[in-house]
Amino acid sequence: MDTAGLDDVLARRSVGTETVAKAAPVIKPSVVHVPSSLLSLVAAERQRSGRSNGQILIDAIEAGHDHLVKLHNESNSIGGRLFTARTAKPQLPVAQPLSPLNVRLYEQDYEVLDRLVTELGAGSRSRLATLALAFYLDAST
């Protein structure tokens with residue numbers, strides 16, 4: 001997996017002008033949709049750890065990054081003869097109705113999320129969140 005793009009985003013986040021370095025990071029709200037069954041697990045982790053939904057999500061993605069890469073690398077290819085070849089999205093661990101999960105992250109964290117969605121073939125932030133949280137919360141319970 002080529003991490004040059006991700007490295008650029010991380011470098012931009014850590015290097016800036018003196019004025020930017022002194023300013024507080026901008027926190028932006030967003031919503032990801034995850035299987036309803038994960039909401040109670042996230043709430044239990046939030047209660048246990050005292051962390052926010054966004055912090056839990058970041059920890060889940062960072063802790064499970066190798067697993068997410070493995071899922072991407074093991075994904076089957078679709079097409080290639082008549083249609084343009086594409087990699088199938090990693091299989092979600094559960095097929096259930098989705099519920100919104102509110103997260104608040106630093107503005108630049110969304111750039112990293114979007115880069116990971118592309119690099120890992122997840123298809124969306126919600127799918128990436130589901131894959132990461134399911135692996136993370138299963139491992140921590």
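I counted a salt bridge wherever a side-chain nitrogen of Lys or Arg lies within 4 Å of a carboxyl oxygen of Asp or Glu. The model is predicted, so I noted that local features need pLDDT of at least 70 and side-chain atom pairs pLDDT 80 or more, while totals for chains, interfaces and linings use all residues. Residues are numbered from 1 along each chain as its sequence is written, and side-chain values use heavy atoms, with hydrogens and water left out.

Searching the whole structure, I found four salt bridges. Arg-48 pairs with Glu-45, with 2.7 Å between the closest N and O atoms, and both residues lie in helix 3 (residues 36–49), three residues apart, about one turn of the helix; helices here are DSSP runs of H or I, at least four residues, numbered from the N terminus.

I then checked accessibility, taking buried as under 20% relative accessible area, exposed as over 50% and partly exposed as in between, with a 1.4 Å probe and protein chains only. Arg-48 is exposed at 61%, whereas Glu-45 is buried at 4%.

Arg-51 also forms a salt bridge with Glu-45 (2.5 Å, N to O), and Arg-51 forms another with Asp-59, at 2.8 Å between the closest N and O atoms. Shared partners join Glu-45, Arg-48, Arg-51 and Asp-59 into one network. Asp-59 is partly exposed, at 29% relative accessible area.

Turning to helix 6 (residues 107–119), I noted that its buried residues include Tyr-110, Leu-113 and Leu-116. Just after helix 6, Gly-121 takes a positive phi of about 65 degrees.

Conventions:
Helices (H or I, at least four residues) and strands (E, at least two) are DSSP runs, numbered from the N terminus.
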